[in-house]
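Please find below a note on the model under review. The points are numbered and may be read alongside the coordinates.

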Amino acid sequence: MRRVAVIGVGLTRFGKHDRTSAELFAEAAGEAIVDAEIAPSSIRALYYGNVTGGEGERQLHTGPLAATLLGLADIPTTRFETACATSHAAFRHAVMEVSAGISDVVLVGGAERVLHIPTDHATEYFAYCSDASWEQPVGLTFPGVFALIARAHMEKHGTTEEQMAHVAVKNHRHGVHNPKAQFRKEITLETVLKSAYVADPLKLFDCCPFTDGAAAVVLVSEEVARKHRRPVWVLGSAAASDTMFMHEKRDLARVTATERAARDAYRQAGKGPEDVNVVELHDCFTIAEIVATEGLGFFEPGTGGIAAEKGWTSLGGKIPVNPSGGLKSKGHPIGATGAAQICEIVTQLRGEAGPRQVDGARIGLTHTLGGNTATVLVSLFGRD
Amino acid sequence: MTERVITLKSFFEEARAGRLTGIRCGQCGELAIPPKEFCPACQKRAWVSVPLTGEGTISSFTIIRVAPRGHAGETPYAVAVVKLAEGVSLLGRVVDLPFESLRVGLPVRFRPLVKNEQTVVGFGPA
């Protein structure tokens, strides 16, 4: 298998847009292609992520649409959907195409647009990512899924609402320094703790927002990467799944798919959690970040809340998590998020993250979770 | 073609009549809702349906205050994962219990909730 590198990254501003998701993707991909300093005609395939196009934009068949708007209508393209992990799943498959020697240059990314539709419609469409027979009829929402996890974690480990609030405060503090972030504003613990409950024990400021946006990365073979001045190597990329049913989760205080995807990605890379310098992980809700820092091996099970409270995951802390501001502050266009996390890690490993730079970062990790914790992807990246 | 031991349709038809059904693997005894083609524990295809008592305790719960479009008029409402006495769990809507009384470990009992001809798993006081 050949080594694979990322040589170009691009993303739109995250927030509200008046363009379609495919238009947004074209902007992000254009930026990534310019960043990679390659000819658009060298791209051999597009691996594209989009989740709610059918419901929110009455648009399916979004892969060829995105390629058409890029001016690359004749390249093979497939749309991926694994709920919020969509474009990370697309990335893993693209890595396999380049690694297998099928193509030398591949474009990967995703886009989402939801802010043009009412919140209760968007909440319904997102809930389609949970089971239609056992969960949607009960009225379970995504905040509800993570509220069940939060309650179990609090019960088992003594995690507090204040510890969860620290995650939101930290990610907003990071996001101030990200020009592409949806919310570039610091918040206080009090703001989080006094915000209204959405799904107890989760409050409004424990939740990431609805977001429009797109992200793209250019993946290349080692031979092409060697001609480039700053390749970031893909050291490992792994996926894991778990039962679709919340009632079948073995332990609601854990996300076992994170643990399994991390194990496989670390094994591929020949690295462990102690080698990682910077992390972009899936903080769709504050509790999700706490559970992910445990599942990825940075902290012992049950101690992620303490780590958040102590500032160990802040810029300047033991293991900086979500320097981009994370989904909480940067925003969460669900089809684009996995690729956007990779954009941040590549920027960090190039040393180009400005005031949010993790000094001397050499190994980075991205973690993206889909829906009701039934899909997780973990990838590891390194520089020369 | 093998006869299905239980389908989603028949599970919810039974549930509507107040009867909760689980599926037990005839080989290893693994209990499941819903059945899988192959038993996740032993890989056999030997399911038999078994009646469940409907008694259980709350494993985790939440109170939904921002709902999807189809449930918007119902907020706030409680949802819980309930571990049934037989060891298998189910997600359901919690009714007739004050929110402030809800806690992990609280005993509850299954009851069918029917709305717009759709049967939904519910739990009320034990």
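**Notes on the predicted model**

1. Chain B holds an open sheet of three strands in the order E2-E1-E3, with antiparallel pairing. Strand E2 (31–32) and strand E3 (47–52) of chain B are the edge strands, each with a single partner, so one side of each has no neighbour in the sheet. Strands here are DSSP runs of E of at least two residues, helices are runs of H or I of at least four residues, and both are numbered from the N terminus. Two strands count as paired if DSSP finds at least two bridges between them. Strand E1 (residues 20–25) of chain B is joined to E3(B) by six bridges, and the two run antiparallel. Within this pairing, B:Cys25 stands opposite B:Trp47 in E3(B).

2. The conventions are as follows. The model is predicted, with local features needing pLDDT of at least 70 and side-chain atom pairs counted only at pLDDT 80 or more, while totals for chains, interfaces and linings use all residues. Residues are numbered from 1 along each chain as its sequence is written, chains are lettered from A and ligands numbered from 1 in the order in which they are written, and side-chain values use heavy atoms, with hydrogens and water left out.

3. The domain assignment, which is automatic or taken from a database, divides chain B into domain 1 (8–51) and domain 2 (55–125). The contact (heavy atoms within 4.5 Å) takes 11 residues from domain 1 of chain B and 10 residues from domain 2 of chain B. The two domains bury about 970 Å² between them, 73% of it on carbon and sulfur atoms; buried area is the accessible area (1.4 Å probe) lost by two parts on being put together, summed over both. B:Arg16, B:Leu20 and B:Ile33 supply 55% of the area that domain 1 of chain B buries against domain 2 of chain B, more than any other three residues.

4. B:Glu117 forms a salt bridge with B:Arg16, with the closest N and O atoms 3.6 Å apart. On the side of domain 1 of chain B that touches domain 2 of chain B, H1 and E2 of chain B are the elements that give two or more residues, and H1(B) gives the most, with four residues.

5. Chain A is assigned domain 1 (4–117 + 211–232) and domain 2 (126–208 + 235–382). The contact takes 42 residues from domain 1 of chain A and 40 residues from domain 2 of chain A. About 3,000 Å² is buried between them, of which carbon and sulfur atoms give 69%. Three salt bridges are counted between the two domains, and A:Lys180 and A:Glu31 meet through their side chains in a salt bridge (3.4 Å, N to O). The rule also finds 15 residue pairs in polar contact across this interface.

6. Between the chains, the contact takes 30 residues from chain B and 29 residues from chain A. Together they bury about 2,700 Å², 63% of it on carbon and sulfur atoms. Three salt bridges are found across the interface, and the side chains of A:Asp200 and B:Arg65 meet in a salt bridge (2.8 Å, N to O). The count of residue pairs in polar contact is 14.

7. The peptide bond from A:Asp200 to A:Pro201 is cis, with omega near 5°, and A:Pro201 is in the loop between strand E5 (197–199) and strand E6 (202–203) of chain A. Another cis peptide bond joins B:Thr75 and B:Pro76, with omega about -10°; B:Pro76 lies in the loop between E4 and E5 of chain B. A:Ala83 has a positive phi, near 55°. Most residues other than glycine have a negative phi, and most peptide bonds are trans.

Methods: A salt bridge is a side-chain nitrogen of Lys or Arg within 4 Å of a carboxyl oxygen of Asp or Glu. A polar contact is a pair of N or O atoms within 3.5 Å; within protein, one must be able to donate a hydrogen and the other to accept it, and residues adjacent in sequence count only if both atoms are side-chain atoms.
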